[in-house]
Amino acid sequence: MECKVAVIPGDGIGPEIIREAKKVLDKVGQTYGHTFHYTEVLMGGCSIDAYGVPLTDEALETAKANDAVLLGAVGGDVGNSRWYQVAPNLRPEAGLLAIRKGLNLFANMRPAYLYKELADACPLKKEIIGNGFDMVIMRELTGGLYFGERYTKEIDGLMTAVDTLTYNENEIRRIAVKAFDIAMKRRKKVTSVDKANVLDSSRLWRKVVEEVAKDYPEVTLNHMLVDNCAMQLVMNPGQFDVVLTENMFGDILSDEASMITGSIGMLSSASLNETKFGMYEPSHGSAPDIAGKDIANPIATVLSAAMMLRYSFDLDQEAAAVEAAVQKVLTEGWRTADIMAEGCTKVGTTEMGDLIAARI
Ligand code: NAD
């Protein structure tokens, strides 16, 4: 298969972790007979340095012309970098918002998976962790409270602030379809999270999700109120497969789910649109404090590349091979500094990439 990938190394540790993800992808290509064609795109601080803006129109067009985007991270030291002495819409992270909007990425997917080798980093008790957990939070990314009409004004002599939470049935349907499609590639269970006992938007959410579920008879659907879900995540995380939810609930729950895995350097993510196109990136930032030292953990980016194989290219076997290689490296006791534990062997960014690639 010929796969066209726009690669955005970005800033800080971005180029280092992207280099390792490409190394692993190229090994997948050699082993399984695929070719990855990379087109490098500037975004973030490096684009500001080159062009004065965090994302040029040409860069966005290049991203669109590819089958998927693999992103490292953008941004610098917020307190010190010259990139932050300008208006917010010209700062590095504005590039991220612009590319998400420009590519119409309405579905954000963040897996939370606990490797048993890293269970000591999980803040939950062993009896709660049980056999571990493996879930995906599917968050609607372009609607709801964060995008509704808002204003603050004086009403009857009192300063009053208003934010509106709006969803139409199409916005709900398209994210629900994504969640059910992804459940079909996993353990075939969707938990739809809402606040249907209070909110009209949640009642419509529930109705539309139930309609979509009829097209997926193999998938089990259950509904959960968001307050209960927040509790269940720390009481019984093993019960979840795909958690489907709206923008603000997903913002909060995906951070909670990632924290219980204990390690930021391991967390992948994807943002998807209505087609197979997606943008794949680690959940962490550009870590300027450790950039250029060959100590960053590349695993989140490598696992994001695995998601790209599975969801944009339908290369399920190849994605599983990458995930198995990461698992093997951890089982053998290799660790980057951020996940180092007693009895393990510490390696740098490049060596970790080599070790994973060698196990494909
Ligand atoms: P961060 O995620 O970059 O770093 C937080 C801490 O985790 C740091 O101590 C860092 O060294 C460590 N860390 C992060 N990734 C790691 C890895 N792969 N291996 C080992 N350690 C790792 O968050 P921050 O410090 O709040 O932000 C730094 C910059 O990144 C800022 O400019 C911020 O705006 C930007 N940022 C970008 C994105 C993105 O591009 N998607 C996301 C979040 C933050």
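User: Why is lysine 23 called partly exposed?

Analyst: In this predicted model, lysine 23 has a relative accessibility of 25%. Buried means under 20% and exposed over 50%, so a value in between counts as partly exposed.

User: What makes the contact of lysine 23 with aspartate 354 a salt bridge?

Analyst: The closest N and O atoms of lysine 23 and aspartate 354 are 2.6 Å apart. The cut-off is 4 Å between a side-chain nitrogen of Lys or Arg and a carboxyl oxygen of Asp or Glu, so the pair qualifies.

User: How do you know that this pair links distant parts of the chain?

Analyst: Lysine 23 lies in helix 1 (residues 14-32) and aspartate 354 in helix 12 (residues 349-358). The two are 331 residues apart.

User: Why is aspartate 354 called partly exposed?

Analyst: Its relative accessible area is 39%, and partly exposed is the range between under 20% for buried and over 50% for exposed, so aspartate 354 belongs there.

User: Where in the chain do aspartate 255 and arginine 110 lie?

Analyst: Aspartate 255 is in helix 9 (residues 247-259) and arginine 110 in strand 4 (residues 107-113). This pair also links distant parts of the chain, at 145 residues apart.

User: Why are glutamate 169 and arginine 173 separated by about one helical turn?

Analyst: Both belong to helix 6 (residues 169-184), and they are separated by about one helical turn because they are four residues apart in that helix. Glutamate 169 is partly exposed at 43% relative accessibility, and arginine 173 is partly exposed at 26%.

User: How do you know that the radius of gyration of the chain agrees with that of a compact globule?

Analyst: For 360 residues, a compact globule would have a radius of gyration near 21 Å, and the chain has 21 Å, so the two agree. Along its principal axes the C-alpha trace spans about 60 × 50 × 40 Å, and 52% of the residues count as buried.

Conventions: Residues are numbered from 1 along each chain as its sequence is written. This is a predicted model: local features need pLDDT of at least 70, side-chain atom pairs count only at pLDDT 80 or more; totals for chains, interfaces and linings use all residues. Side-chain values use heavy atoms; hydrogens and water are left out. The radius of gyration is taken over C-alpha atoms; the globule rule is 2.2 Å times the number of residues to the power 0.38. Buried means under 20% relative accessible area, exposed over 50%, partly exposed in between (1.4 Å probe, protein chains only).
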